[in-house]
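Have the model open while you read.

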Amino acid sequence: MTTDNRQLINRLKEQQSLTKPEWIQLISGRTPELAEYLFLLAREERHRYYGHDVYVRGLIEFTNYCRNDCFYCGIRKSNGKAVRYRLDEEEILSCCQNGYRLGFRTFVLQGGEDAYFTDEKLVHILRSIKKLYPDCAITLSVGERSYDSFKRLFDAGADRYLLRHETCNASHYSRLHPPSLRASTRQQCLWDLKEIGYQVGTGFMTGSPYQTAEHLAEDMLFIKKLNPHMVGIGPFIVHHDTPFADKCSGTLELTLFMLGLLRLMLPKVLLPATTALGTIDSKGRELGILAGANVVMPNLSPVNVRKDYSLYDNKICTGDEAAECRKCLEKRMESIGYRIVTARGDSLNV
């Protein structure tokens, strides 16, 4: 561990910011020893604000239709091998009922950008969930929409919105997406969501094709400026039916390091230990928590469709019932000294 990089980590903890060259130096110069020091400080910050509590979000993957053709994604429009499905409102409410019984107080409705789910349909679903479960938070993760659409969904009861910026560098973004998608549009959506009043979540893939330390430095600067309530990051994982089938997946090591840095930069932010982390390493989610994360997202989707929401290869937990997922995660968190709590788990980063 170089003294300079250790000093950078200390300054990050004290000031919650670094310059672009300093971010690049820290990310490029990471070592196992430096990572352990970072994780120690990240846990201190996490415990300061959130103790040893781990919030659970009930994930409902309600449609795998998508109008977009992102080069890394298994449910991209051009993947003719994807088995498509949509859950209807009754099925979504059944997932919520099951989740509520298991102690979930946040439901995450995630899907591709599916034109079938108009504002009218989503508004009706949101109002139905809020009527039945007024003490629960609803998170939407359904991609880019207009300001007016975001506002209608917020007014209907959506509390939070997850929209990863993926990479804030426009050139890098264009190498991951078709020309119809632009980094600037994605970023404007995030500013719109904040203005409307959502608790906003963004994030990026670690180890995505063509990514450099400079790109990651720019991501950190963007996130600092946005000051979101949540940041979801996970490793890029190859899907065999995409243009990136021959690329290398991201690593556990880089993802954990970036989690630790995010915790020091935004001490009060909500940080998930993602399913993708658990996919690339059997202890990935536990290691994510020990690197500073404080959220896990077990799946409430019907078991018969889970394998079809295939963003990347070898996704875990596609065959487990929701109760099994909850119990498994509870044991995993207890094994490292943390506890799953039944709470909405609102962000303290306001």
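1. What covers the buried side of α8? Its buried residues are covered by elements that include α6 (147-155), β5, α7 (170-176), β6 and α9 (213-226), with contact meaning heavy atoms within 4.5 Å. Those buried residues are A183, R186, Q187, C189, L190, D192, L193 and I196; buried is under 20% relative accessible area, exposed over 50%, partly exposed in between (1.4 Å probe, protein chains only).

2. A caveat before going on: this is a predicted model, where local features need pLDDT of at least 70 and side-chain atom pairs count only at pLDDT 80 or more, while totals for chains, interfaces and linings use all residues. Numbering runs from 1 along each chain as its sequence is written, and side-chain values use heavy atoms, with hydrogens and water left out.

3. The length of α8 (residues 183-196) checks out, because 14 residues at 1.5 Å a residue should span 20 Å, and the end C-alpha atoms are 20 Å apart. The expected span is 1.5 Å times one less than the number of residues. Helices (H or I, at least four residues) and strands (E, at least two) are DSSP runs, numbered from the N terminus. After α8 comes G197, with a positive phi near 120°.

4. Now the sheet: six strands, open, parallel pairing, in the order β2-β3-β4-β5-β6-β8. Its edge strands, β2 (58-63) and β8 (230-231), each pair on one side only. Pairing takes at least two DSSP bridges between two strands.

5. Three bridges link β5 (residues 160-162) to β6 (residues 199-202), in parallel. Y161 sits opposite V200 in β6.

6. In β2, six of six residues are buried. Five bridges pair β2 with β3 (residues 106-111) in the parallel sense, and E61 stands opposite Q110 in β3.
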